[in-house]
Amino acid sequence: MTKRALTNAPLVEAASGRTPSRTPVWFMRQAGRSLPEYRRVREGIAMLDSCFMPELLAEITLQPVRRHDVDAAILFSDIVVPLKAAGVDVEIVPGRGPVVAEPVRGAGDVDKLPVLEHEVEEVARGIGLILNELSETQALIGFVGAPFTLASYLVEGGPSKNHEKTKAMMHSDPDTWHRLMRRLVPTIIAFLRTQVEAGIDAMQLFDSWAGFLTEADYRAHVLPYSTEILESVAGEIPRIHFGVATGELLGAMSEAGPEVMGVDWRVPLDVAAARLASPRVLQGNLDPALLFAGADVVRSEVARIKAEAAAAIAAGTATGHIFNLGHGVLPTTDPDAITEAVRIIHEEA
């Protein structure tokens, strides 16, 4: 497919370091549990199954764009989709998250891990359906999970509060750790290539669990692999990098090469910008819980966040700003509060 030539899409303009027509905004997890229409179409369908159903994943991706007037759709997917596509026995257990049938415990397990070597046709078809509905001002953001987070799910066997098995392997058996990361990178890149070749306009590399690492561990055991993934699409689309609770890692994460650095709500944007290796576009960073606090609070917080971004741009430590939450939309968020937040973000100078 020929990539869309978007000339006035605020998200693409901002991500490319140009001045958008309005402050672009999209929200992580904007497609999903907060929307009644999502719950209706997903009824009786397992989460991972829905990620491989082109019409359904397109409908879910588009729902928040229709409802909220956000400037971008984010592809409805999950971090473990490329593992599932490769043939790993993984399921998303309601109330728990991704669970792996055969966790990785040693080098032999790594060598048995299947590698994705083909296009994920269902996802490519879904992207085509999404692009047919988006306007020329609305971008489609692709999505892949970072290798550390995928590795943690594989080693722990599922979500973990402390990542003890993961850190133990990283430190006591670094050869196996690096073998695992090298095994995962081609699968992640293959899934990202599926999305790029289907026509996505930007991408986000999402590292759910990197915030549990020290900077030294991140640099030694994670950064080279995240860099390789981002480099695989360099010059093709704008690249966003985001991790949860990664305030202490922002400098190292920015060295992976993204045009845009996502910042969670814990760090003011101007402070975050000063930590980066070089000036980047900032993305963030309203606390998702504040969508429960009413329009006046949201208006005040939006003004503060925009002022912090403007201060960073004026200081030369940032090159632009894309508005977002500091993490995903919480499942019990009132959809009308999200719509109102978008209106405020677009309205406020």
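Q: What makes helix α7 (residues 121-133) and helix α10 (residues 174-198) a crossing pair?
A: Their axes come within 9 Å and cross at roughly 35°. An axis here is a line fitted to C-alpha atoms, over the stretch in contact for helices, and the angle between N-to-C directions can run from 0 to 180 degrees. Helices are DSSP runs of H or I with at least four residues, strands are E runs of at least two, and both are numbered from the N terminus.

A quick word on the source: this is a predicted model, where local features need pLDDT of at least 70, side-chain atom pairs count only at pLDDT 80 or more, and totals for chains, interfaces and linings use all residues. Residues are numbered from 1 along each chain as its sequence is written, and side-chain values use heavy atoms, with hydrogens and water left out.

Q: Which residues meet where α7 and α10 come together?
A: From α7 you get Val 123, Ala 124, Ile 127 and Leu 131, and from α10 Phe 191, Thr 194, Gln 195 and Ala 198. Contact means heavy atoms within 4.5 Å. By class, the residues of this contact are six nonpolar, two polar and no charged. (Ala, Val, Leu, Ile, Met, Phe, Trp, Tyr, Cys and Pro count as nonpolar, Asp, Glu, Lys and Arg as charged, and the others, Gly among them, as polar.)

Q: Why is Ala 72 called buried?
A: Buried means under 20% relative accessible area, exposed means over 50%, and partly exposed is in between (1.4 Å probe, protein chains only). Ala 72 has 0%, so it goes down as buried. You'll find Ala 72 in strand β1 (residues 72-74).

Q: What does Ala 72 touch, leaving aside its neighbours within four places in sequence?
A: Ala 72 is in contact with Leu 11, Val 25, Trp 26, Gln 30, Val 65, Ala 139 and Ile 141. Take Leu 11: it sits 61 residues from Ala 72 along the chain, yet their C-alpha atoms are separated by 6.8 Å.

Q: Why does Ser 34 count as buried?
A: Its relative accessible area is 3%, so Ser 34 falls in the buried class. Ser 34 lies in the loop between α1 (10-15) and α2. Not counting residues up to four places away in sequence, Ser 34 touches Arg 39, Val 329, Leu 330, Pro 331, Thr 333, Pro 335 and Ile 338.

Q: And what makes Ser 208 buried?
A: Relative accessibility of 13% does it, so Ser 208 counts as buried. Ser 208 belongs to the loop between β5 and α11 (215-221). Beyond four places in sequence, its contacts are Ile 79, Thr 149 and Val 244.

Q: How do you know that helix α8 (residues 147-156) is mostly covered?
A: Count them: 10 of its 10 residues are buried, including Phe 148, Tyr 153 and Glu 156. Just after α8, Gly 157 takes a positive phi of about 90°.

Q: Which class does Asp 69 fall in, buried or exposed or in between, and why?
A: Its relative accessible area is 37%, so Asp 69 is partly exposed. Asp 69 sits in the loop between α4 (54-68) and β1, and has a positive phi of about 65° although it is not a glycine.

Q: Why is His 163 called buried?
A: At 0% relative accessibility, His 163 is called buried. His 163 is in the loop between α8 and α9 (164-172). Its phi is positive, about 55°, although His 163 is not a glycine.

Q: What is omega for the peptide bond from Gly 284 to Asn 285?
A: Omega is near -5°, and the bond is cis. Asn 285 has its place in strand β8 (residues 280-286).
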